[in-house]
Amino acid sequence: MNVRIDAPSVSRRHARIRIAAGEQASIEDLGSKNGTWVAGRRLDGGPTSLTDGATVRVGKIELLFLDSKEKGSTQTVGA
């Protein structure tokens, strides 16, 4: 799956997030011009683990990583 972030500070192939069954999610910068950051630290090597609630920044765009298996089910709202 690809996710497009329409912002000038985000490269076309900026970072890769890997989510595989039975493994911890990870993120890796793909040589982007403006960097990928996790919890305020710039990524400079291989994959970095992502935990529930981690703040991820790609270029100038800040994202929040939420691990759905850490949360309960969605609450149904009555009509």
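**Sheets, core and pocket of the predicted model**

Outside the four places on either side of it in sequence, Val10 touches Ile5, Val58 and Ile61, where contact means heavy atoms within 4.5 Å. The structure is a predicted model, in which local features need pLDDT of at least 70 and side-chain atom pairs count only at pLDDT 80 or more, while totals for chains, interfaces and linings use all residues. Residues are numbered from 1 along each chain as its sequence is written, and side-chain values use heavy atoms, with hydrogens and water left out.

Val10 is also one of the 11 residues of the largest nonpolar core, which is made up of Ala7, Val10, Ala25, Ile27, Val38, Leu43, Leu50, Ala54, Val56, Val58 and Phe65. A nonpolar core is a set of buried Ala, Val, Leu, Ile, Met, Phe, Trp, Tyr and Cys residues joined through side-chain atoms within 4.5 Å; buried means under 20% relative accessible area, exposed over 50%, and partly exposed in between (1.4 Å probe, protein chains only). Strand β6 (residues 54-58) gives the largest share of this core, three residues. In soluble globular proteins, nonpolar side chains tend to be buried together.

Strands (E, at least two residues) and helices (H or I, at least four) are DSSP runs, numbered from the N terminus, and two strands pair if DSSP finds at least two bridges between them. An open sheet of three strands has the order β1-β2-β5, with antiparallel pairing. Strands β1 and β5 are at its edges with a single partner strand each, so one side of each has no neighbour in the sheet. Four bridges link β1 to β2 (residues 26-29) in the antiparallel sense, and Arg16 stands opposite Glu28 in β2. Between β2 and β5 (residues 48-49), which run antiparallel, there are two bridges. Here Ile27 stands opposite Thr48, and Ser26 has Ser49 as its bridge partner in β5. Ile27 is also among the residues of the largest nonpolar core.

Four strands form another open sheet, in the order β4-β3-β6-β7 and with antiparallel pairing. Its edge strands are β4 and β7, each of which pairs on one side only. Strands β3 and β6 run antiparallel and are joined by three bridges, with Trp37 opposite Arg57 in β6.

The loop between β3 (36-38) and β4 (41-42) holds Ala39. Phi of Ala39 is near 50°, a positive value in a residue other than glycine. Most residues other than glycine have a negative phi. Ala39 is exposed, with a relative accessible area of 66%. Pro8, in the segment before β1, is likewise exposed, its relative accessible area being 88%. From C-alpha to C-alpha, Pro8 and Thr55 are 20 Å apart in space and 47 residues apart in sequence.

The largest pocket has a volume of about 760 Å³. Of the 23 residues that line this pocket, Asn2, Val3, Ile5, Ala15 and Ile17 are the closest to its centre. Two or more lining residues come from each of β1 (15-18), β6 and β7 (61-65). On a 1 Å grid over the protein atoms alone, a pocket is an open set of points where a 1.4 Å probe fits, with protein on both sides within 12 Å along at least five of seven lines, and lining residues have an atom within 4 Å of a point. By class, the lining has 15 nonpolar, three polar and five charged residues.

Terms used. Grid points are joined across faces, edges and corners, and a volume is the space filled by probe spheres set on the points. Ala, Val, Leu, Ile, Met, Phe, Trp, Tyr, Cys and Pro count as nonpolar, Asp, Glu, Lys and Arg as charged, and the others, Gly among them, as polar.
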